[in-house]
Amino acid sequence: MINGIPLYWYLIVSAALFCIGLYGVLARKNAIAVIMCVELMLNAVNINLIAFWRYITPAAISGLSFAAFIFVVAAAEAAVGLALIISIYRNTRSVDPEKIDSMKL
Amino acid sequence: MTLQQILFIVISLVVLGSAFLVVTTRNLFHAALFLVVSFFGVAGFYVLLDAGFFAAAQVLVYIGAISILFIFAVMLTRDVITAQRGNSQWQAAAFVGAFLFLLMAILLGPFSITIRGHQFGNANWPFDMAGDAIKAAPSNFVGTMGSGLVSMDQYGVPFLLAGVLLLVAMVGAIWVARELRGREAEKAAAETAIDDADMDMNQPVQETLPLVDTNEAHESHDAAAVEKH
């Protein structure tokens, strides 16, 4: 189903998705939103991996395996990150990344 | 324009538009719902790329599990959700994002710009495939991938490590987010009190007032919970 779609279309869309996620990570004022944006960035990486697999090496499985591992890492990251935020919220009643600075020297 | 191209453009508009709303909308709950729309569009990309297994995994893992986690987290922290959009450095963040996107667009596409005689970008991009160069869709790639993941010659060890990572993340998430009760809570409160006293001696100028307040609130909350039991 890739007739007529050049590979760079996928690469540019995923670059745009990655940059939107990067902007969110740097600019959002809520730690949960920051983790959402990290998930957007991981999705952009996954689009890249699967697009390269389909266009360049459809017979090999390395791109697919990397994409599967990114799924695993994204799930683990979301679980641990949200648990940390819930714990921080319980102790400080805040989820603002700028206010969580008790480990600062 | 072929049907695939139209589908691609529609899906990319959906993905990028909802991703933009995720990073700009004020209401965090709406952001979580737009995140679901964005994940769904990415699953559409996987269908266009002949990777149906990954489209199904995207719907199951991202929409079914991760988005639900986000919605739960948003609801658990509902009373502190601020109405503000961005923090103090959002302009710098927007500049970094836009600059990086321009850089990647020039690097990744078959475009080039000329600045003062120097050409940037590659007009003859090596991966610009069209027509006959498109390779046939692989058949039964899920079976090949599955046997590659469990075979020790290929990805067996990373696959096992991924399982260990998931287990550790699950145990760690439960351990981090658990609520302390009874004697454990008293012990933790005593430790925090000692830490606060140390901090006071070392840095008397530090703003410790809000911390103490929250500790007291927490203790009284715990005490109320114990009484209820």
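These are my notebook entries on how chain A and chain B meet, on helix H2 of chain A, and on the salt bridges.

**Entry 1: ground rules**

I am working with a predicted model, where local features need pLDDT of at least 70, side-chain atom pairs count only at pLDDT 80 or more, and totals for chains, interfaces and linings use all residues. Residues are numbered from 1 along each chain as its sequence is written, chains are lettered from A and ligands numbered from 1 in the order in which they are written, and side-chain values use heavy atoms, with hydrogens and water left out.

**Entry 2: where the two chains meet**

I began with contacts, meaning heavy atoms within 4.5 Å. I found 75 residues of chain A in contact with 93 residues of chain B. Next I looked up the area. The size of an interface is often given as the accessible area lost when the parts come together. Here chain A and chain B bury about 7,800 Å² between them; buried area is the accessible area (1.4 Å probe) that two parts lose on being put together, summed over both. I noted that 76% of this area is on carbon and sulfur atoms.

I also looked up polar contacts (a pair of N or O atoms within 3.5 Å; within protein, one must be able to donate a hydrogen and the other to accept it, and residues adjacent in sequence count only if both atoms are side-chain atoms). Between chain A and chain B, nine residue pairs are in polar contact, both residues at pLDDT 80 or more.

Which helices of chain A give two or more residues to the side that touches chain B? They are H1 (7–27), H2 (31–55) and H3 (62–92). Helices are DSSP runs (H or I, at least four residues), numbered from the N terminus. H3(A) gives the most, with 25 residues.

**Entry 3: helix H2 of chain A**

I checked the length of H2(A). The expected span of a helix is 1.5 Å times one less than its number of residues. For the 25 residues of H2(A) that should be 36 Å, and the end C-alpha atoms are 37 Å apart, which agrees.

At the N-terminal end of H2(A), I found Asn30(A) as a cap, with a side-chain oxygen 2.9 Å from the backbone nitrogen of Ile32(A).

Is H2(A) mostly covered or mostly open? It is mostly covered, with 20 of its 25 residues buried. Buried means under 20% relative accessible area, exposed over 50%, partly exposed in between (1.4 Å probe, protein chains only).

I picked Ala51(A), which is found in H2 of chain A. Ala51(A) is buried, with a relative accessible area of 0%. Leaving aside neighbours within four places in sequence, Ala51(A) is in contact with Leu7(A), Tyr10(A) and Leu49(B).

**Entry 4: salt bridges**

A salt bridge is a side-chain nitrogen of Lys or Arg within 4 Å of a carboxyl oxygen of Asp or Glu.

Lys29(A) and Asp96(A) meet at 3.3 Å, N to O. Lys29(A) lies in the loop between H1 and H2 and Asp96(A) in the segment after H3, so this pair ties together parts that are 67 residues apart in sequence. Glu98(A) and Lys29(A) meet at 3.6 Å, and they are 69 residues apart. Lys29(A) is buried, at 13% relative accessible area, whereas Glu98(A) is partly exposed, at 40%. Shared partners join Lys29(A), Asp96(A) and Glu98(A) into one network.
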